2 protein chains.
Amino acid sequence: MRRIVIDRARRFVSQAKLMANSVSNHSSAPPRNGWRRDLSSSSPLTVATINPKVLECEYAVRGEIVIHAQHLQQELQTKSSSLPFSEIIYCNIGNPHSLGQQPITFFREVLALSDHPTLLDKDETHGIFSSDSISRAWQILDGIPGRATGAYSHSQGVKSLRDEIARGIAKRDGFPSNPDDLFLTDGASPGVHMMMQLLIRSEKDGILCPIPQYPLYSASIALHGGKLVPYYLNEATGWGLEISEVKEQLKAARLNGIDVRAIVVINPGNPTGQVLSEENQQEIVRFCKSEGLVLLADEVYQDNVYADNKEFHSFKKIARSIGYSEEDICLVSYHSVSKGYYGECGKRGGYMEVTGLDSDVKDQLYKLATVNLCSNISGQILASLIMNPPQNGDESFEMFCTERDGILSSLARRAKTLVDALNKLEGVTCNESEGAMYAFPRIHLPQQAIKAAEAAKMVPDAFYATKLLDATGIVVVPGSGFGQVPGTWHFRCTILPQEDKMPAIVSGLTEFHKRFMEEFHD
Amino acid sequence: MRRIVIDRARRFVSQAKLMANSVSNHSSAPPRNGWRRDLSSSSPLTVATINPKVLECEYAVRGEIVIHAQHLQQELQTKSSSLPFSEIIYCNIGNPHSLGQQPITFFREVLALSDHPTLLDKDETHGIFSSDSISRAWQILDGIPGRATGAYSHSQGVKSLRDEIARGIAKRDGFPSNPDDLFLTDGASPGVHMMMQLLIRSEKDGILCPIPQYPLYSASIALHGGKLVPYYLNEATGWGLEISEVKEQLKAARLNGIDVRAIVVINPGNPTGQVLSEENQQEIVRFCKSEGLVLLADEVYQDNVYADNKEFHSFKKIARSIGYSEEDICLVSYHSVSKGYYGECGKRGGYMEVTGLDSDVKDQLYKLATVNLCSNISGQILASLIMNPPQNGDESFEMFCTERDGILSSLARRAKTLVDALNKLEGVTCNESEGAMYAFPRIHLPQQAIKAAEAAKMVPDAFYATKLLDATGIVVVPGSGFGQVPGTWHFRCTILPQEDKMPAIVSGLTEFHKRFMEEFHD
């Protein structure tokens, strides 16, 4: 077991900053806006006078490399001959529809009918909508006060939709869910911010996060002025979450005067793609109880499991299975309509299920929700649909299954294709993508490449990713944006390009890598 | 001119807290959730250990009185005979569709077609959708990469939709708008939070806010740990914004060591309903330039102007009209799909137009936007529609005008009916509701009522509002939730109940007030 010290958190942040700066320096693209204001002292707001927490926060998934890609895309549109590729392939972000995944028909039918309920009174509607989408839309509208999909809802979300979601959770877990525990949110992110806002009082408050992690967590902790306490996933055991490592980090953080308040666990893993075993989850739950930590469970990829021998279990199911009640553990489970086989990122729907909070603390969480009034109703409706899709006997059922299974089996094939291809590259090793939407290969860079990156004032994996983009149009995110064991280098690549594009991506990646390794061979 | 001191900010906050506590104490309703966890020391999260900024923040529009109303509503459903009214009338919040306002047909047609684009390929669609909704949906889809309404967009919003909105702004103002200056948001609130996050570094940073104000501002300032610097609107001159008052407050705050960074101006006013004159707006713009303040202009009620002699002018138009460029003033204009004649609160669409920021500060704002990925696409589409509604010659134009004008003229009548009725009550004075969606009457409470409120440990206007709710089912928000000159008492009541409900509301209010004044006569 590696000896990990709290100091790594600092190194991680510095590394991320170095990357951001260096990529920024490297980019020769014009500024995003055509204008630039004179930085005279008369300006009421400069980078020197804004909130420094904003400066500190980084979000690599849409960071400098993506901005660089956007400039290249503009260049392609104006003078396509100047670049060695004909399109930008955005593998930086889990955004399935942007890469051609089609929406689930039933979900969109219900959304259209809910948006424009007068359709329900027209004869023609029965010819162009499925009967169960019509009945579901009626059911949803009848559950919304005044059938008003244009009204603000209860700040936690429409009660009848929360009832539906609670039913879906209970069916998934075999344990009851209370609709009063659900907070419907615009995607999962606002729920993460709300919990960080509640938990973090000062820079002495820490949140345990996996490294590598999804940078929403590091960004949110930075914005709320807290401390990211890293625990390292073990790449050698398929990104295993080892409780001994978590304990060591907790101990070290406490010795450094950090009040560790919560632990983030991402399952299936992002960017790492591992699916936790039941036993492992039980350990984590017991650890949270014994250490008095809130468990923030990112479960947004619960419908994305590809490994035959793995299955998703919610942390709530695990906790209740071992006899833990609300008295024993504070648990927040995040879900989103953006992932799974639906991938409806643009709808910004999601929820968090909050159990085990003191009721007066929950009142404070409710107050936070009221300040933003409510999440968007279409997203709320969609969240209720993904938790209660068509059932056997419904007119849409067959088509729904075909669409869902087609997407999931294709994603499984794409995950395998990409991981296999990566493992064939010189100096590259990649764990299986058991779930989620990503491959996270390790690249063993030659010393010459590291030196060249240093000369270019770039973090080595950002140097690699930028060269990959410039050569192929493929956008990936450097591992330094997620955090990694110092001295190791990775990148995250989504498995989302459609299957007919995969051969070109694999060959583009392979050829680039070969040339890169030749150029920088030690 | 009243002598105003910075100390009022403190008093305002204490007053709001007193109200919240007292209403909470007063309420005999059961806790919102059936369960209550034992507050033992083993709980990792208690009100004593959460972020104190969360405790400090208050949002009266959905505060304790509304929670009390929700309990009464549940009571109505189970044992309706026990209460002296048959329904709860929510006049606490500008939520038009919840009170029966119908959506604009064209907008909903376009949303339905964008949600379920396969409708566009069906013959039946032409029978049940207007031709311009079909062509607009095609135009919108063609502007979205891959026609994917289910994909995350650019973090500022879909470029083609920002182009549309910029065209709408330019048409409104007669001055150009740059789509790169637009940040599309889930309603206006997230944009306000983003700017507060950027501006506020510590409790020494202040934001000038009108008193009375919309409590999103006080809540957001509290959450970000800043200082609300109040400037009082002059009730005697129809809630006039007097620049001498603002100057005095700025001076006092600076003497107290506060770094005042920005001023919030709400026009048309919320909760006060005044519409600023051009001359007044020019004064404000000049003041911001000379004092180096960012102008945060809440312009979400720009389509809600009822006074014949008043007209809405955006602050950007005013600034450009007097020759101020981006070099002269940092200006943020907020707009929302939730208000106007559309009132689409549940869609959570909105934008902020940010001009005059240093480009590197704007990069930081963009980074903040990326952390939350993007706002919901339906809300983005709707924002583009309200800024570019059907035009003369379009098939929908006539119906659109009928719907829009019907709603706006009815709102104007309702505003007048309510204000007239309020002014007939003993000890009540109410300025004209020139715009927005509210009446904000002053209630001159008898000493006996104030004593009774004190005995009940309540702020007097919360005492009044609670008694009004208990007697009539009408929900209003106490003036103390918005701030008011100490010793004066008000409430905010929306003008949104449908016209056929207005007589009952007016008579309910009138009868209650008469009984209240009789009961507590000095």
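Which residues does Val475(B) touch, not counting residues up to four places away in sequence? I found Ile65(B), Val66(B), Ala69(B), Ile88(B), Ile89(B), Tyr90(B), Cys91(B), Asn92(B) and Leu469(B).

**Conventions**

I note that this is a predicted model, in which local features need pLDDT of at least 70, side-chain atom pairs count only at pLDDT 80 or more, and totals for chains, interfaces and linings use all residues. Residues are numbered from 1 along each chain as its sequence is written, while chains are lettered from A and ligands numbered from 1 in the order in which they are written.

**Core**

I next looked up the largest nonpolar core, which holds 316 residues. Such a core is a set of buried Ala, Val, Leu, Ile, Met, Phe, Trp, Tyr and Cys residues joined through C-beta atoms within 7 Å. I counted a residue as buried if 20 or more other C-beta atoms lie within 10 Å of its own, as exposed if 12 or fewer do, and as partly exposed in between, with C-beta atoms placed from the backbone. The members that touch the most others are Leu208(A), Leu295(A), Val475(A), Leu208(B), Leu295(B) and Val475(B). In soluble globular proteins, nonpolar side chains tend to be buried together.

I took helices (H or I, at least four residues) and strands (E, at least two) as DSSP runs, numbered from the N terminus. Strand β7(A), residues 331–336, has six of its six residues buried. I list Leu331(A), Ser333(A) and His335(A) on one side of the strand, and Val332(A), Tyr334(A) and Ser336(A) on the other. Strands pair if DSSP finds at least two bridges between them. Strand β6(A), residues 294–298, runs parallel to β7(A) and is joined to it by four bridges. Leu295(A) has Leu331(A) as its bridge partner in β7(A). Between β6(A) and β7(A) the chain passes through helix α12(A), residues 315–321, in a right-handed β-α-β crossover. Right-handed means that, with the strands pointing away from the viewer, the path from the first strand over the helix to the second runs clockwise. With β8(A), residues 350–355, strand β7(A) pairs in the antiparallel sense over six bridges. There Val332(A) has Val354(A) as its bridge partner.

I found six of the six residues of β4(A), residues 227–232, to be buried. Lys227(A), Val229(A) and Tyr231(A) point one way, and Leu228(A), Pro230(A) and Tyr232(A) the other. Strand β3(A), residues 205–211, runs parallel to β4(A), with six bridges between them. Gly206(A) stands opposite Lys227(A). The path from β3(A) to β4(A) goes through helix α9(A), residues 216–223, and this crossover is also a right-handed β-α-β one.

Beyond four places in sequence, Val260(A) contacts Gly206(A), Leu208(A), Val229(A), Leu250(A), Ala253(A), Arg254(A) and Leu293(A).

I record that chain B can be laid on chain A with an RMSD of 0.0 Å, by a turn of 180° and a shift of 0.0 Å along the axis. The two copies are thus related as by a two-fold rotation axis. The superposition is by least squares on the C-alpha atoms of residues with pLDDT of at least 70 in both. Ala112(B) comes closest to the axis among the residues of chain B, at 2.1 Å (C-alpha). The same surface serves both copies, since 100% of the contact residues of chain B recur in chain A.

I found 90 residues of chain B in contact with 90 residues of chain A. Helix α13(B) gives the most to this side of chain B, with nine residues.

**A loop residue**

Lastly I looked up Pro145(B), in the loop between α6(B) and α7(B). Pro145(B) is partly exposed, with 15 other C-beta atoms within 10 Å.

Methods. Two residues are in contact if their C-beta atoms, placed from the backbone, lie within 7 Å.
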